[in-house]
Amino acid sequence: MGALIWLLIPLLAAIAAAIWGSWATRNHTYGDIAELAGYARFRAAMERPDSGPEAAQAAPGRI
């Protein structure tokens with residue numbers, strides 16, 4: 001009986017490795033569209049001319 005338990009350890013490790021391998025190689029493309037859209041909004045916000053220190057002085061109530 002003890003030998004069967006020792007044989008189950010590598011079997012369970014192989015099953016766990018197969019599950020992890022399938023999870024690690026899954027398709028990640030579905031989230032790229034939202035991430036690229038967020039990056040485009042970030043770039044647009046960084047390129048705005050009114051986001052500098054002069055704009056903060058022009059609008060004193062705005063920080």
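Of the 63 residues in the protein, 0% are buried (buried is under 20% relative accessible area, exposed over 50%, partly exposed in between, with a 1.4 Å probe and protein chains only). This is a predicted model, where local features need pLDDT of at least 70, side-chain atom pairs count only at pLDDT 80 or more, and totals for chains, interfaces and linings use all residues. Residues are numbered from 1 along each chain as its sequence is written, and side-chain values use heavy atoms, leaving out hydrogens and water.

**Exercise 1.** Describe the fold pattern of the protein.

*Solution.* Start by counting: there are three helices and zero strands (DSSP runs, H or I of at least four residues for helices, E of at least two for strands, numbered from the N terminus). Then read along the sequence, and the pattern is α-α-α.

**Exercise 2.** Find the salt bridge and say how exposed its partners are.

*Solution.* Search the whole structure first: one salt bridge turns up (a side-chain nitrogen of Lys or Arg within 4 Å of a carboxyl oxygen of Asp or Glu). The partners are R43 and E47, whose closest N and O atoms lie 3.7 Å apart. Next, check accessibility: R43 is partly exposed at 42%, while E47 is exposed at 58%.
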